[in-house]
Amino acid sequence: MSTSSQLFREAQECIPGGVNSPVRAWRAVGGHPLFIQRGRGCRVVDADGKEYIDYVGSWGPLIAGHAHAQVVSALQQELKRGTSFGAPTAKEIELARIIVKAVPSIEKVRLTSSGTEATMTALRLARGYTGRTKIIKFAGCYHGHNDALLVRAGSGALTFGTPDSQGVPEAFAALTLVAEYNNLATVEAYLKADAVAAVIVEPVPGNMGLVLPEANFLAGLRTLTRTYGAVLIFDEVMSGFRLARGGAQELYNIDPDMTCLGKVIGGGLPLAAVGGKRALMDLLAPVGPVYQAGTLSGNPLAVTAGIETLKIVGNPSAYARLNELGTMLAEGLRRVIRDTGTLACVNQIGSMFTIFFGVDQVRDYATATQSDTAAFARYFQGMIERGIYLPPAQFEAAFLSLAHGAAEVEQTIAAAGEVLQNMRS
Ligand code: PMP
């Protein structure tokens with residue numbers, strides 16, 4: 001019996017489902033999860049000592065790879081000075097300045113410990129600012145596990161087929177209007193019919209698998225929200241500092257009112273942020289009447305890991321390199337899909353990608369949910385056997401890091417070719 005399966009059995013006795021976040025349990029692909037012992041660069045080693053090329057990257061934060069020397073050394077120095085003070089520290093200003101400089105729509109930023117807190121605060125601010133209660137989200141977008149946002153949500157909520165979690169009062173869910181991604185008509189209909197406080201969107205959704213915005217969709221959201229007086233919130237917890245230094249809003253040249261960040265800005269430690277226009281951000285306590293707080297917000301270790309990670313991706317060639325690797329991987333996967341006569345498609349942008357089985361195009365929640373999740377599970381298991389660690393569910397994005405190279409990408413494409421060939425026969 002493997003050490004991971006033994007650990008999983010023990011974990012289930014004291015942790016619900018054996019995991020501290022549902023998708024980690026591998027329910028969507030079967031078998032037991034790998035327990036990870038350590039990571040370095042683009043590789044992780046499981047409890048049995050087997051090494052894998054990692055495309056999970058802790059679900060996005062590890063853009064510099066595991067245990068990057070610069071991050072580890074800065075953390076070691078910081079650790080000696082203490083772990084938390086619950087009082088302001090100079091490094092918080094440094095991180096805030098990096099964010100404000102990189103993301104032009106952000107004039108002020110408040111640090112939190114999780115993306116869930118960031119989106120919760122963004123909604124509260126939008127409601128405080130507009131005096132309205134309803135919000136619009138998109139089917140298949142995931143914004144953390146806030147009550148108001150667990151309505152037709154993506155990621156684990158989608159994988160488990162329980163998009164509306166029990167325990168969320170209907171009265172809360174009723175305030176959330178669900179529109180279709182890449183479809184402006186549904187958004188405009190809602191905005192016309194109701195006074196809406198905010199439209200929240202993953203500008204490049206990664207939580208129904210990776211889906212790309214079609215021409216004018218994001219610009220259209222900007223125009224519509226301005227017309228109807230709703231706050232436009234870009235949830236860039238996944239895309240921020242990942243697709244470009246200024247996130248998806250830089251790539252698509254959009255100026256949202258508020259932005260949620262997470263993952264990369266914490267470099268693998270718990271850190272996220274909500275930022276935006278001064279008029280909105282200055283409504284936050286202690287300046288204004290909208291309450292928000294956190295014991296560990298701006299934690300010095302998390303801030304240190306974030307600053308170092310943002311310095312590493314501040315290298316002028318970083319995003320060009322990530323784009324190059326992403327394109328190489330996507331083209332290689334498309335080639336083996338063609339060569340093996342598999343019905344599947346690859347969505348990719350920069351260092352994010354998803355292979356969808358059983359469909360030739362995925363552009364929204366409806367097309368994503370037509371994909372063949374059983375085929376994905378077979379593919380996933382074949383890749384694991386070959387030492388390639390992918391996100392363990394169809395409706396997730398996979399991530400490359402600066403620690404991946406052409407050799408790992410080629411190894412991955414070759415493994416995918418073998419697995420797809422086996423799935424055909
Ligand atoms: N927003 C997006 C776009 C996310 O991808 C996630 C997490 N995957 C969250 C919010 C929630 O972040 P956290 O898990 O840190 O609460």
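**Entry 1: strands**

In which sense do S9 and strand S10 pair, and over how many bridges? I found that S9 pairs with S10 (residues 272-276) in the antiparallel sense, over four bridges. The model is predicted: local features need pLDDT of at least 70, side-chain atom pairs count only at pLDDT 80 or more, and totals for chains, interfaces and linings use all residues. Residues are numbered from 1 along each chain as its sequence is written, and side-chain values use heavy atoms, with hydrogens and water left out.

I took strands (E, at least two residues) and helices (H or I, at least four) as DSSP runs numbered from the N terminus; two strands pair if DSSP finds at least two bridges between them. Leu261 has Ala273 of S10 as its bridge partner. I then looked up strand S8 (residues 231-236), which pairs with S9 in the parallel sense over four bridges. There, Phe234 is bridged to Thr259 of S9.

I next checked the faces of S9 (residues 258-261) for burial, where buried means under 20% relative accessible area, with a 1.4 Å probe and protein chains only. Met258 and Cys260 on one side are buried, as are Thr259 and Leu261 on the other, and both faces are covered.

**Entry 2: helix H4**

I looked up H4 (residues 115-130), a helix of 16 residues. From first C-alpha to last it reaches 23 Å, close to the 22 Å expected at 1.5 Å a residue; the expected span is 1.5 Å times one less than the number of residues. Its buried residues include Gly115, Thr116, Thr119 and Leu123. Gly131 follows H4 and has a positive phi, near 70°.

**Entry 3: ligand**

I looked for polar contacts, meaning pairs of N or O atoms within 3.5 Å. An oxygen atom of the ligand is 2.8 Å from a polar backbone atom of Gly115, and an oxygen atom of the ligand is 2.6 Å from a side-chain N or O atom of Thr116. A ligand nitrogen atom is 2.6 Å from a side-chain N or O atom of Asp235. The ligand taken alone exposes 390 Å², of which the protein buries 81%; the areas come from the Shrake-Rupley method with a 1.4 Å probe.

**Entry 4: Asn207**

I placed Asn207 in the loop between strand S7 (196-201) and helix H8 (217-228). Is Asn207 buried or exposed? Asn207 is buried, because its relative accessible area is 6%. Its side chain and that of Glu202 are joined by a polar contact of 3.0 Å.

Methods
Buried means under 20% relative accessible area, exposed over 50%, partly exposed in between (1.4 Å probe, protein chains only). A polar contact is a pair of N or O atoms within 3.5 Å; within protein, one must be able to donate a hydrogen and the other to accept it, and residues adjacent in sequence count only if both atoms are side-chain atoms.
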